[in-house]
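Please look over the sequence and structure first.

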Amino acid sequence: YSHGFVNKCGDFHLYNGNHKWSVQTCFGFLRYRGETFRDSVEKGSLDSRCRGFGSLAAKVERNPSFSTLNADDISYFKGVLGEKTVVQEEERLAIANTDWMHKYKGSSKLLLQPQSTEEVSQILKYCNSRCLAVVPQGGNTGLVGGSVPVFDEVIINMSLMNNIISFDQVSGILVCEAGCILENLMTFLDNQGFIMPLDLGAKGSCQIGGNVSTNAGGLRLVRYGSLHGNVLGIEAVLADGNVIDMLGTLRKDNTGYDLKHLFIGSEGSLGIVTKVSILTPPKLFSVNVAFLACQDYFSCQKLLVEAKRKLGEILSAFEFLDSQSLDLVLNHLDGIRNPLPPTMHNFYVLIETTGSDETYDRQKLEAFLLHAMEAGLVSDGALAQDINQASSFWRIREGVPEALMKAGAVYKYDLSLPVEKMYDLVEEMRKRLSDSANIIGYGHLGDGNLHLNISAPQYDDRILMQIEPFVYEWTSKHRGSISAEHGLGLMKANEIFYSKPTDTVTLMASIKKMLDPKGILNPYKVLPHSFSSS
């Protein structure tokens, strides 16, 4: 029932008068005196050793120890990969250099498309010897600038490593290459009577290697848990070209350190994931979806508690959105209607159940809904009668990011917080910003994951200064995480201390230094720039 995100970005701008540059940006796409950043660099009007990214165009220095690409490098890569998979065409590079939101834009002159682990190994071994920085890239659907170059890093795109290696019908264990698109894996498994344990709005583009490297969350986490639990093994290539085979297919293996977990969520900064083995659940054919209205956030919380108790093993999704989110979707997306009468409620909850007995599951859900109505937790609701209605309910929830893009400038924050505190932050932001922006809150209530979005007609430093660092400070104060499922990438690398103590970050940096001494793997991401440049 998921729907993909739309790859669009409005032409919205931010003026930054606090810097020595006059910067104008569309989701971080820099303009200098009306020119593109790249034009400015080529004309010499901006120092090519540093680049501004993010809302405040914080300066990022290019690591001077990195080499620059030359003709000999190109010749080597063509010898290893062949002509067709060594890409230098400007049009294709422009796409690969830019994230899907057009928030981050690099200036790489080379994209490589390996077709095997051995080719990835040869690429990295050579790049490490030459001190050429690289950025691994999958479907490029990330939201924090993790999968595009910051400067001129060589792009290693995994799209051609898209083979399914094996599938065990008894255990449900799938082994595949990192470039497999999530939706293709879902289709394959559907034909086998199984499902993927994760489902994302970007499933039509994102790749399993990128999902694993970012520890992607999504809509099924409340039922099946995170990828740390579902991924049984990986194969990864280190910076020096060494291939680390951890591609186990065992549910239990207690022989020493479980090193695969270092690579799950490391965003390609420790090694490039080339193969994955993942445990997939059997497909259950009884699926029900309800769209409910609640008068206050406390009712949403109570509803979640009751759903866990009364729906138990069949509960597969518990999503929430506020009235502002619904209003945004109804106003900006075509073909979407409110499944409830026109009276606007304060909050909405989408509940999905998945089981094996249609009659039993339906009765169980209906009994739960009746109880919730009688207890005053739900003020109205609709239960999908067929797959089309279920899909239309999901379209409302998953249409929020697309509607935000169409509404204007947007500041996006992906946060983990104690469930009882999640919406307090939304209300705090409304007090801080008053009528200067539209504050909306939605997300995975079952996981304690808030997607806080501040929508405005255009980017404005005055708005941003009211948001940051307040959002990060508030999250840290309530012992939350500044990144629930999107990762740190470039956007939040310097903000990691809001969620991790210095000793922990220092240990992370030491692991990075051990596995990637020259720092060529996805530089400027994940770790604070002061750590990664030391």
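Glu-83 and Lys-78 form a salt bridge, with their closest N and O atoms 3.5 Å apart; a salt bridge here is a side-chain nitrogen of Lys or Arg within 4 Å of a carboxyl oxygen of Asp or Glu. This is a predicted model, in which local features need pLDDT of at least 70 and side-chain atom pairs count only at pLDDT 80 or more, whereas totals for chains, interfaces and linings use all residues. Residues are numbered from 1 along each chain as its sequence is written, and side-chain values use heavy atoms, with hydrogens and water left out.

**Salt bridges**

- Glu-83 is exposed at a relative accessible area of 55%, while Lys-78 is partly exposed at 27% (buried means under 20% relative accessible area, exposed over 50% and partly exposed in between, with a 1.4 Å probe and protein chains only).
- The count of salt bridges comes to 16, and one of them joins the side chains of Arg-130 and Asp-73 at 2.8 Å, N to O.
- That pair links distant parts of the chain, since Arg-130 belongs to helix H4 (residues 117-130) and Asp-73 to helix H2 (residues 71-81), 57 residues apart; helices (H or I, at least four residues) and strands (E, at least two) are DSSP runs numbered from the N terminus.
- Asp-73 is buried, at 0% relative accessibility, whereas Arg-130 is partly exposed, with a relative accessible area of 22%.
- Within helix H12 (residues 358-374), Glu-366 and Arg-362 lie 4 residues apart, about one turn of the helix, and form a salt bridge whose closest N and O atoms are 3.4 Å apart.

**Overall fold and cores**

- The secondary structure comes to 19 helices and 22 strands, and 56% of the 534 residues are buried.
- Among contacts (heavy atoms within 4.5 Å) between residues at least 6 apart in sequence, 72% join residues at least 24 apart.
- The largest nonpolar core has 92 residues, of which Leu-303, Tyr-413, Leu-452 and Ile-454 touch the most other members; such a core is a set of buried Ala, Val, Leu, Ile, Met, Phe, Trp, Tyr and Cys residues joined through side-chain atoms within 4.5 Å.
- Helix H15 (residues 422-433) gives the most to this core, with 6 residues.
- Apart from this core lies another, of 29 residues, among them Met-196, Ala-216, Val-231 and Phe-263.
- In soluble globular proteins, nonpolar side chains tend to be buried together.

**Helix H14**

- Helix H14 (residues 400-407) is mostly covered, with 6 of its 8 residues buried, and the cover over those buried residues includes strand S17 (315-322), helix H11 (323-332) and strand S20 (409-416).
- Gly-408, which follows H14, has a positive phi near 145°.

**Lys-512**

- Lys-512, in helix H18 (residues 502-515), is buried at a relative accessible area of 12%.
- A polar atom of the Lys-512 side chain lies 2.7 Å from the backbone oxygen of Ser-269.
- Not counting residues up to four places away in sequence, Lys-512 touches residues including Leu-270, Pro-517 and Leu-527.

Technical notes:
A polar contact is a pair of N or O atoms within 3.5 Å; within protein, one must be able to donate a hydrogen and the other to accept it, and residues adjacent in sequence count only if both atoms are side-chain atoms.
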